[in-house]
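Dear colleague,

Please find the structure below, handed over for your review.

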Amino acid sequence: TGPAIGRQAERRREGMNAVHADSEPCLSLHPVVRVRLSEQLKLSKSSLWRRTHSELGAYFAALENGEPSEIGAEYKLSAARHSLLAGDVNEGFRHYYLGYKRGRNDVSGASRWSEHKTLQLFSTELVSESNSSLTPLARAQLQASRATNRIALGRSEQALPAALTSLTWFFQHACYADALQIAGPLLSMLIATGRLEIALNLIKEIEASGAAHQDKVLNAAGQSFRGYIKLLQGNSSAAEDHFLAAETVLQRPSIDQAVLFPTLSAFYCRFLIETSNLDRAIERGLQTERWREQESWQLTVDSPSLQASDAMQLGLAFLEAGQFNEARIRLDFQVTVLQQSSEWLYMPNALIARARYHLVMKEREAAFADLHLAQQLAEQSDAKLSRWEALLLFAEYHARASNKAYAHAFLDEARELGGMEEIALLRKKVDFIEALIEKSEPRRWPAS
């Protein structure tokens with residue numbers, strides 16, 4: 001074996017290895033050489049480069065059929081990426097938007113980072129009107145896709161201009177289905193970043209278009225968004241009216257239309273928790289779990305963020321009710337779901353919810369670790385609502401521990417962010433914490 005090892009070492013020094021597959025010799029390049037050669041082929045736009053990626057695109061497209069949703073989603077994105085690297089923007093769009101984006105109704109799927117990597121290959125030059133045969137609608141759909149991807153990744157400031165531009169184009173050209181596909185994530189982002197009035201104005205614009213009146217599920221989603229905003233603004237009575245209007249649709253055993261939009265059960269469960277209707281909150285949360293398991297029409301359109309939100313609210317309801325094992329299962333699960341899918345805008349809320357559980361269980365270090373990470377992620381994504389919530393939970397902890405100076409310091413930091421006083425639900429929490437500081441009496445931790 002000595003001479004053979006010597007020859008292999010010599011080839012390594014030359015930057016290549018001899019590999020035998022099925023007794024047929026082939027050549028495997030050293031990784032450094034392989035990367036360099038790939039770069040040179042790409043820059044030269046050689047026919048070999050384009051042909052190879054075109055063949056790889058077709059290969060992954062053929063693999064996607066019959067695979068589990070998560071693997072199939074990755075294959076669709078791989079097919080799109082290789083088609084784009086081959087310079088075929090139309091085929092790349094077909095695999096990405098028509099194959100992956102429109103077919104993504106499952107919770108399982110590729111991560112947002114994998115999608116982001118694909119979207120980066122739709123360069124401005126490649127999709128420009130002069131260089132491609134993509135329709136104006138397709139270009140607007142790509143821009144909206146970039147926006148929703150950035151929203152999920154927590155890049156709120158980058159996402160907002162693209163979201164508003166594509167939304168305006170869709171409304172101007174009466175592409176209401178596309179407009180409403182971007183409107184949902186945009187509304188969630190506006191609420192998460194504390195822009196409640198802009199969110200309400202967007203809902204009014206959607207209603208004015210008339211699209212919501214023609215779609216029962218969409219109308220129910222709008223009612224849920226309105227209900228949640230009213231809850232944050234401290235108007236529980238109006239919130240309940242909106243939620244009950246949504247429930248008249250969601251509680252139907254079947255629906256006589258195609259379901260193109262998600263239903264939003266988590267907002268209603270949050271309302272029930274905030275209004276101390278715990279039994280109903282648990283019952284409603286468990287109903288959503290059953291819908292998901294049974295693949296009911298209410299969960300025709302699903303996503304990791306929706307599943308995590310449902311699990312979070314049910315977990316908090318169980319926590320408040322003292323069913324700690326059930327709470328822990330849901331609160332751990334929602335964090336895992338968001339981590340696996342890279343849904344970073346919603347991760348701070350998930351971590352804050354789990355931190356609340358840790359504090360109830362007197363697991364201080366675990367709680368503080370979740371809260372510090374939540375603050376960091378919320379700051380990166382400009383998720384003001386989560387930043388306020390994290391700071392108020394810190395303040396509440398120290399108030400209960402009679403650490404008045406720390407409690408006041410966290411309250412002051414929350415106020416310095418600006419805008420918190422405009423959200424009545426948070427003002428109520430501030431008043432509660434200030435009363436705790438004055439009394440300095442330890443009390444049972446609430447779930448919310």
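C269 is buried, with a relative accessible area of 3%, and C175 is buried as well, at 16%; buried means under 20% relative accessible area, exposed over 50% and partly exposed in between, with a 1.4 Å probe and protein chains only. The count of disulfides is 0, a disulfide being a pair of cysteine sulfur atoms within 2.5 Å.

Please note that this is a predicted model, in which local features need pLDDT of at least 70 and side-chain atom pairs count only at pLDDT 80 or more, while totals for chains, interfaces and linings use all residues. Residues are numbered from 1 along each chain as its sequence is written, and side-chain values use heavy atoms, with hydrogens and water left out.

Helices (H or I, at least four residues) are DSSP runs numbered from the N terminus. Their axes are lines fitted to C-alpha atoms over the stretch in contact, and angles run from 0 to 180 degrees between N-to-C directions.

Helix α9 (residues 156-172) packs with helix α10 (residues 176-192) at an angle of about 150°, the axes being 9 Å apart. The two are therefore roughly antiparallel, a term for angles over 145 degrees. Their crossing is left-handed, meaning that the near helix is turned anticlockwise from the far one by less than a right angle. In contact (heavy atoms within 4.5 Å) are residues including L160, L164 and F171 of α9 and I182, L186 and M189 of α10. By class, this contact has 14 nonpolar, 2 polar and 1 charged residues. Ala, Val, Leu, Ile, Met, Phe, Trp, Tyr, Cys and Pro count as nonpolar, Asp, Glu, Lys and Arg as charged, and the others, Gly among them, as polar.

The axes of α10 and helix α11 (residues 196-209) come within 9 Å and cross at roughly 165°, which makes α10 roughly antiparallel to α11. Among the residues making the contact are L187 and I191 of α10 and L202 and I206 of α11. These contact residues divide into 13 nonpolar, 1 polar and no charged.

For helix α21 (residues 384-400) and helix α22 (residues 404-416), the axes come within 7 Å and cross at roughly 165°; α21 is therefore roughly antiparallel to α22. The crossing of α21 and α22 is left-handed. Residues including W388 and F394 in α21 meet residues including Y406 and F410 in α22, and the contact divides into 11 nonpolar, 1 polar and 1 charged.

With kind regards

Methods:
Parallel < 35°, antiparallel > 145°, perpendicular 65-115°, else oblique.
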